Amino acid sequence: MALEAEATVDASLETVLRPAEAAPLVRWWRTVVRSVAPVILALIAGGLLLLVLGRNPVRFYVAVWQGGIELGGWQNSLVLMAPLLLIALGLIIVFRAGIWNLGYDGQYLLGAALVAGFGPSILPNWPTPIAYAVLFLMAGCAGALWTVIPALLKAWYETNEIITTLMMSFIGVGVANILVKGPFQDPTVNIPQTRTIPFNKMLPDVGGTRVDIGVLIALAAVLVVHYMLTRTSFGLKLAVLGANQRTARHVGINLRQVILRAFLWSGFLIGLAAVVDILGLWAYVRANWNPGYGDTVIPFVFLARLNPLVIVPFVVFYAVLSTGGDLAAQQANLPTDFLLVLVALILLFMTVIEYLGRRRDLGQSYLTPALRDALRRPLVRRRSAQ
Amino acid sequence: MTPKESPSRAPAIELISITKRFPGVLANDRVSLTVQHGEVLCLLGENGAGKSTLISILSGMLRPDNGSIRVDGAEVSIRSPRDALRLGVGTVYQHSTLIPALSVLENLLLGARSGLMLDRDGARKRLAEMAGMLGIEVDPEARTGDLALGRQQQVEIISALWRGSRVLVLDEPTSMLTPQGVEELQKVLRRLKEQGTAIVFITHKLHEALAIGDRVTILRRGRLAGALSPEQLGTWSVEDLRAAIVRLMFGEDTAGVAGAAELSADLAKVEQEHSGLSTAALDGTTFLELKSVSAKGEGTEPGIEAVSLQVRAGEILGVAGIDGNGQRALAEAIAGQRRVTAGTVELFGVAVNRMSVSARQRLGLRYMTDDRLGEGIVRNLGVALNMFLKRIGEPPFWKWGRIDRRRINAEASAMVKAFDIRTPGLDTRAGTLSGGNTQKLLLARELSFDPKVVVFHKPTYGLDLKTTEHVRAVIRDLVHKGAAAMVISTDLDELIELCGRIAVLSRGRLVGVVDNGPNAVDQIGSLMIGTSKELEVA
């Protein structure tokens, strides 16, 4: 006891500079509140918005529930979960290392274009398992490859990856469109789109449902990534790099290698999201098509605090909201874009809670310090140049 | 009735029962202080005793929860640093607040009453007047960044007194100074005292308090632990004063007394071992050698140029120098964290320039960083994991890339015991440990698993007396077992206590190596100052 008291006195100077450490249970509870509160507040605000628009919010949310879960809607929700989960995992890996990969659109669409381009010719002619393996690897590697330039620039020259991944994404989206309109164009139609993968060659369904095995692949990936982050040396290296780059350098972690590997894994998983989505749901790709999964999943990745297990309930929530919301919006005679309003409201309330948390010095943030610094760096430069 | 015209009998400053609470800590608990005009009050205490909080309250950076402040007998409330200056309380902070790119005069004008136009001529006159009063010379047009740190501090003192302050607060003013700089500071303070200025001098160094203070007040755990009056300081012997102060700093409870006894036992041991140390070092083989190594600086801190030195087995080589003279570049060049642009770093006779940080670690090189929180640990990871950060992926703690938690925890709890780390548990987040325990954690990490060459960078900076002695004992023990150690420190007393030879680093160059002996302090001091004076003339 006396020893402990002494330790506290020793610490008092630092405590002056840093808010007091709350009890573990209190910290855990705060985390839960901060994760769930923005979602609930967004639903409430969305309801008020519906009222203003002259719709019945209760009826709207009931319709979401019916469309997303009842009446077989749960099957559509599960199908949608597969690409969302895989993209979320890809983001979690880099975010853990304090790196932004905002090039998910380019990585996803390149993978999707390749699968939809080669799938119709490979699948009917090759043994199915081999064809699947080739397509999975192809899309995964395409996604990974598209991160290489930002990764090398970041690892060797500390170039801000927010800018490079976004630029690469624009190029990737463009290349995917060129592929779809050019070599992969379906010669039998006038619309710019690829040929369609034969229905019997799509990913098999889980016994007796319309849900393909994509969601099982995604859930398996959740477990693999969780294991990787919590049990392997690579996961710890990611955590150290994400927590403090100077510490990572000091303890002898090969920064370049870890940055490169984090990017490759991220791109690979996002590429896998494309295969699962094309082989499970869409069967073809149309030019200028972009489901924009990454943008919608990012807020949830931060609400889940970069935890691959916690992301699952959030993705379930969004999948239900999305599938049911389509139906509900139609019933309420609203554009389906109303769902984007709800996602935007979640982001808005995250910002508000983040601001309040900082004001009250709760010492918790949705973003890790490294990610926040990377976001700020270009702004800081601009300011000093003025 | 303005206070300037009537040198009133009332004390310059009275703090009455000041209490300041932070979440979980009582930083100041009913502290009362009085400072008279023309007197130096030394405020002594360990880290975390509440000195900085008290000073922040006095200078308007913090507001007390309870208690009152009187200036010249009148009750006042100090809500901001501006209020403090208006009331005649000037503060010199531990770290420079001058703008390096501006001239001395411009820096002083920043603190002046802001009119529409800058009154340069008036300011020049005032500066000459004040420099004359303090007995120093300052070139008003010199860029402050080019001045030596001691000179910069004099400018800070002038700045604090610029608007006629009659109370001067100095927060750990000697931490950045050479021995000669400390002497000059003492002269300046003596002259200020003669002018009737009241001075509050904060320090954690005992001998400074005794040399400079008219009265010494000791803070402990946020409370006033005791005070020594001018009479006591004048009549007691140095040993008695020391004993009294140590008792007041550590307290009379069992833990404190045990600590003090330990401390004096340690000190006795040092003196015994000291003579043997330097001779033992001579027959050791060279473990670490730098052959005219250069490395670039980072930001405002300089790099190193053509540094050559040797560290032998069984030896502690000290590297003295004022902060920011290339210490970090030197340490990082050895550790492999910074690219060497010229020359070679050799470990056991093998050039390691191209080896990575971890490859050098595997050879037995360890670097204990001075930036414990910013570089040493990951705050959000547990104590056990932090102790194994330098062995990530290595068997037997990782098998096939998979962490063996049980093994790590077993080893970690042995390390916690061996290095006396006080932590609630192995999974406790390292960021919640106190400064002393954080340092012990780093010691445990660097000194376990057979270290052969260890570079310590400011190993006891900011630690309390007991932990300081503990760390030094560990370093001594290490070299007794045959390892080689390099201690980079800005605390000359520490180097004198520990090292056989002391190299002096100045502006990134090694300006000399001094054998530890009776004249070492003077030699080192003149080596430090020699180069900086040359540069000032040029």
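**Briefing: chains A and B**

In chain A, 46% of the 386 residues are buried. The model described here is predicted. Chain A holds 16 helices and 0 strands, whereas chain B contains an open sheet of 6 strands.

**Chain A**
- Taking the contacts in chain A between residues at least 6 apart in sequence, 79% link residues at least 24 apart.

**Domains of chain B**
- Chain B is split into domain 1 (13–96 + 164–252), domain 2 (264–364 + 452–537) and domain 3 (374–449).
- Between domain 1 and domain 2 of chain B, 6 residues of domain 1 are in contact with 11 residues of domain 2.
- On the domain 1 side of this contact in chain B, the residues are 2 nonpolar, 3 polar and 1 charged.

**The sheet in chain B**
- Strands of a sheet pair through backbone hydrogen bonds, in a parallel or an antiparallel way.
- The strand order in chain B is E16-E19-E20-E13-E21-E22, and the pairing is mixed.
- Strand E16 (365–368) and strand E22 (509–515) of chain B each have a single partner strand, so these edge strands are each left with one side that has no neighbour in the sheet.
- On average, neighbouring strands of this sheet are turned by 20° against each other, direction ignored.

**Strands E13 and E20, and helix H17**
- In chain B, strand E13 (residues 316–320) and strand E20 (residues 484–488) form a parallel pair over 4 bridges.
- B:Met486 in E20(B) is the residue opposite B:Leu317.
- Helix H17 (residues 465–480) of chain B packs on the sheet and touches E13, strand E19 (453–457) and E20 of chain B.
- The direction of helix H17 makes about 150° with that of E20(B).

Methods:
Residues are numbered from 1 along each chain as its sequence is written. Chains are lettered from A and ligands numbered from 1 in the order in which they are written. This is a predicted model: local features need pLDDT of at least 70, side-chain atom pairs count only at pLDDT 80 or more; totals for chains, interfaces and linings use all residues. Two strands pair if DSSP finds at least two bridges between them. Helices (H or I, at least four residues) and strands (E, at least two) are DSSP runs, numbered from the N terminus. Axes are lines fitted to C-alpha atoms, for helices over the stretch in contact, and angles run from 0 to 180 degrees between N-to-C directions. Two residues are in contact if their C-beta atoms, placed from the backbone, lie within 7 Å. A residue is buried if 20 or more other C-beta atoms lie within 10 Å of its own, exposed if 12 or fewer, and partly exposed in between; C-beta atoms are placed from the backbone. Domain bounds come from an automatic or database domain assignment. Ala, Val, Leu, Ile, Met, Phe, Trp, Tyr, Cys and Pro count as nonpolar, Asp, Glu, Lys and Arg as charged, and the others, Gly among them, as polar.
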